[in-house]
Amino acid sequence: MICADFRIEFHTSQGTCCDAEQRFKQAITDVMQKLDDLSITCPLDSFFYNGSCYFYLPPKQIDNLKGIGLGDVSVDEATSRCRLINCELWDIETVNEFDYVLSRVYEQTQSFGSPRIAVSFINGKRLLNLQQRMGEQQFISVGNTNDYSLIYKPAPDIPPANTCLIIDISKATRRVSLEEKFRLEQRSNHYICKMKINSCYNNTRCGRHGQCKNLVTTFTCVCNFMYTGDSCNERKSHFCSYEFESKS
């Protein structure tokens, strides 16, 4: 019945109805690819990764006597400044994202530079599988191409809700420290803002059995029949279609 309906709708087209259906699907794919290509264009002074633009910024503070200069800020202050440019302070969404962004910033750091970078740390600790051990720093491994040692320095005495992450880069010693700090502590002299422009870039969020529906700041997975779940990775016995909105 579906094939017959296609013959009526596309009776002026050459080829079979199935050819017309295939061309229609290809046209949709081409349009989505063009949208993905457009999303790669990020604003000046930012870089692109997986549907988002990242701004690596130093804080600028206005002094009535000295004009605009650099100074340390807290994570809460950095969060407010990111929102002024329609961004959010970067929080780690995936291990691959963390590996890419950190490597990119490390490459931009001068030979003897030592920036302290403020980022949010709501998801990161869980994703990186970091363990709190009293007074003990830990060497961790993320990715396969790092040119630096990665060290985690926990802060067990700070409640999780008041914790942030300061990424301390020492290019001279090839070390990067992930230091847990109190959110209001003015410790960072750089921060990373993230602007999400295509939540469904390359359809990597909904797995093999779903299609990602872009809502810009979030996304919805539309699962194929017989599959459900946040990422359409759970098999069901009945033939229905489900939509799940991401909480991220």
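Author: Happy to! A disulfide here is a pair of cysteine sulfur atoms within 2.5 Å. This is a predicted model, in which local features need pLDDT of at least 70 and side-chain atom pairs count only at pLDDT 80 or more, while totals for chains, interfaces and linings use all residues. Residues are numbered from 1 along each chain as its sequence is written, and side-chain values use heavy atoms, with hydrogens and water left out.

Reader: What is the S to S distance between C223 and C232?

Author: With -85° about the S-S bond, the link of C223 and C232 is left-handed. C223 and C232 form a disulfide, and the gap between their sulfur atoms is 2.2 Å.

Reader: How many disulfides does the rule give?

Author: In general, a disulfide is a covalent bond between the sulfur atoms of two cysteines. Applying the distance rule, the count of disulfides is four.

Reader: How many residues apart are C42 and C53?

Author: A disulfide joins C42 to C53, with an S to S distance of 2.0 Å. This pair links distant parts of the chain, C42 being in the loop between helix 2 and strand 1 and C53 in strand 2 (residues 52-57). Helices (H or I, at least four residues) and strands (E, at least two) are DSSP runs, numbered from the N terminus. The separation of C42 and C53 in residues is eleven.

Reader: Why does C42 count as buried?

Author: Buried means under 20% relative accessible area, exposed over 50%, and partly exposed in between (1.4 Å probe, protein chains only). C42 counts as buried because its relative accessible area is 18%.

Reader: Which parts of the chain does the link of C206 and C221 tie together, and how many residues apart are they?

Author: A disulfide joins C206 to C221, S to S 2.1 Å. C206 is in the loop between strand 11 (190-196) and strand 12 (210-214), whereas C221 is in strand 13 (residues 219-223), so the parts tied together are apart in sequence by 15 residues.

Reader: Is C206 buried or exposed?

Author: The relative accessibility of C206 is 0%. C206 therefore counts as buried.

Reader: Which cysteine sulfur is nearest to that of C87?

Author: C232, with a relative accessible area of 1%, is buried. C87 is in no disulfide; at 5.4 Å, the nearest cysteine sulfur is that of C193.

Reader: What relative accessibility does C87 have?

Author: C87 counts as buried. The value behind this is 3%.

Reader: Now the loops, please. What is the value that phi of D45 is near?

Author: D45 sits in the loop between helix 2 (17-39) and strand 1 (46-49). D45 is exposed, because its relative accessible area is 64%. Phi is positive here in a residue other than glycine, and its value is near 70°.

Reader: Why is R174 partly exposed?

Author: R174 belongs to the loop between strand 9 (163-170) and strand 10 (175-182). Its phi is near 55°, a positive value in a residue other than glycine. R174 counts as partly exposed because its relative accessibility is 47%.

Reader: Which residues does Q137 touch, not counting residues up to four places away in sequence?

Author: Q137 lies in the loop between helix 5 (124-127) and strand 7 (138-140), and is partly exposed at a relative accessible area of 40%. Contact means heavy atoms within 4.5 Å. Not counting residues up to four places away in sequence, Q137 touches I151, Y152 and K153.

Reader: How far apart in space are Q137 and L178, C-alpha to C-alpha?

Author: In sequence, Q137 and L178 are 41 residues apart. In space, C-alpha to C-alpha, they are apart by 9.5 Å.

Reader: Which residues is S177 in contact with, leaving aside its neighbours within four places in sequence?

Author: S177 is in strand 10 and is buried, with a relative accessible area of 9%. Leaving aside neighbours within four places in sequence, S177 is in contact with I151, K153, I166, I167 and D168.
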